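Hi,

Here is the structure I promised to send over.

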Amino acid sequence: MKSDHDLKRSLEQAFDRVPDSLYQFVDELPDRFEKGEFEHTIDLAATKRRFLRWMPFMSKSAAAAVILVLIFSAGVTLSPAFASFVKKVPGFEVAVDWLTQIRERDGVQTAVNHGYIPIEPVTAQLGGTTITISDMYLTDEELLFKAFIRTDEFDVSDNHTPVHLFISPGNLRGGGSTTASSIARTTDGSNTPIRQDTYKYQLENGAAEQFLAKGDPLTLKVNKSTLDRVLKRSEMKELGTITVPIDPSKLLHNKVYEPKQTLSFSDLDWKELTLEKLTIQPTTMNVIMKGQMGWDLYFPREDDAAPYLKDDKGNVYRYDPSGTGIILEEGKQQLPFSSSVFFDPGVRKLYLHIGELRVTEREPSASFELSMDDTFPKTVRFKNRDIVIEGAEYHPEGYMHLKIRKEAPDQRFLDGVWFDIAEKEDMTAKFDKEDLAAYEAFTSKLNELMESLNASGFGSAEDYRNMPYLSAYILAPKLEKYTITMSRANDRIVVNKDYPIQLNTK
């Protein structure tokens, strides 16, 4: 049996004498597993076959990367002694420290610790860009994976770079995007940045089952977006595809509960939500909520206001949305949470904590008449609150300016209210759908108008210039009289309640 010191010395010598000593490294792996340097077993024969097949064509750094891929494709957890050493080997510090933290955050580490191994990693070279797809899980409802990007074509660590890569499934129906990104640098002396993007795609009903029935590998499209800041437009180019073989027999199925549970709270327009469905997957959990027809419902992501799940052992599972996600039927919203109780049969109850909601009604619920000859101030009533209009002006550039009294000297926004006019014409109806140039000219003019007003948009009331009033700008034709409409928009509802969800464990 070899000591940790011997292991360290052997590995140092192995990486100094590529390729011969790396053959020996693979030969000695069984001994190191017996010693307990790895906490999980893998198919060593298959690992060695893959390694020996690739070995003759590799440089030293490439061989190190192969060992990295082989170990992580097996889902191995390293012993502390071995992990402390491999931090010094090119590539391993990134993999052990950085990747472990990410995996613990998104639930992959929990699955790996319970023997549920991700789909084997795949690496593709697209021009000067190397992309590795890893930590991929496919469930009945989701596709999750990480992309590791190393490139000499742009700086992946620059938050202001005009170039971005996006990866999406080409033959699996669903919607989603990244949920998290981070940057690490290699330890091979080059200090090359590696970008990690975590992707989550919500799949359409039955999409996973239909895909697996075909027996085809998964294809991932890699698109490159380049922003032209002068023209304010992006150019999208497909760089290529990455093919990932998937073995359906190794996939686990979700645990699904449909409690149809009423979650009550107090608000002028909203009295309750309905918890329609809870899906427990190996790495994530999803809750589907049903709201009210004719309204848009939003759950904030900020830690102090975001929803979360908590199990009856006190473990908390954070809210982890991605992009627009899949479009659910009217009035329903999906709440995704990171990590899962999938592998813990001792959990009998979950608690859904709802901190705040944001609600928007799609049609106005109040209005008032206004002309430029009105006497001001003018008080109007909306949702049990008084709003004082201190003045109104029409500007020939095509908009109306409402001056709204502040409720306090330091007020910056009139929260939760959206102003418009009933006489508003469809500003885009005048353009032929094929006349893209005219439409772009129109939108460009609107952007220039907003910039000249220093406004973030039309319809909301804000203090843009440290004035004693709030300003609301409304696109409008010139008329003698207007019907000003008001809608509840992105309005905050404080709930701050825990709702128990009973799990029907056997």
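Asn466 sits in the loop that links strand E23 (461–462) to strand E24 (469–475); strands here (E, at least two residues) are DSSP runs, numbered from the N terminus. Its phi is positive, about 55 degrees, although Asn466 is not a glycine. Asn466 is also exposed, at 63% relative accessible area (exposed means over 50%, buried under 20%, partly exposed in between, with a 1.4 Å probe and protein chains only).

Before you go further: this is a predicted model, where local features need pLDDT of at least 70 and side-chain atom pairs count only at pLDDT 80 or more, while totals for chains, interfaces and linings use all residues. Residues are numbered from 1 along each chain as its sequence is written, and side-chain values use heavy atoms, with hydrogens and water left out.

Back to the loops. Lys260 has a positive phi too, near 50 degrees, and belongs to the loop between strand E9 (255–257) and strand E10 (261–264). With 48% relative accessibility, Lys260 counts as partly exposed. The peptide bond between Phe376 and Pro377 is cis, with omega about 5 degrees; Pro377 lies in the loop between strand E18 (366–371) and strand E19 (378–382). For context, most residues other than glycine have a negative phi, and most peptide bonds are trans.

Next, a sheet. Three strands form an open one in the order E4-E7-E8, with antiparallel pairing (two strands pair if DSSP finds at least two bridges between them). Strand E4 (163–169) and strand E8 (233–244) are at the edges with a single partner strand each, so one side of each has no neighbour in the sheet. From one strand to the next, the twist averages 25 degrees (axes are lines fitted to C-alpha atoms, and angles run from 0 to 180 degrees between N-to-C directions). E4 and strand E7 (residues 218–228) share 7 bridges, and Pro169 has Leu220 in E7 as its bridge partner.

Finally, the inside. The largest nonpolar core has 71 residues, and Ile131, Leu138, Met289, Leu352 and Ile354 have the most contacts inside it. A nonpolar core is a set of buried Ala, Val, Leu, Ile, Met, Phe, Trp, Tyr and Cys residues joined through side-chain atoms within 4.5 Å. What does Ile354 touch, leaving aside neighbours within four places in sequence? Its contacts (heavy atoms within 4.5 Å) include Leu263, Met289, Phe299 and Tyr499. Another core, of 23 residues, lies apart from the largest one, with Leu370, Phe382, Ile389 and Phe419 among its members.

Cheers

Technical notes: Helices (H or I, at least four residues) and strands (E, at least two) are DSSP runs, numbered from the N terminus.
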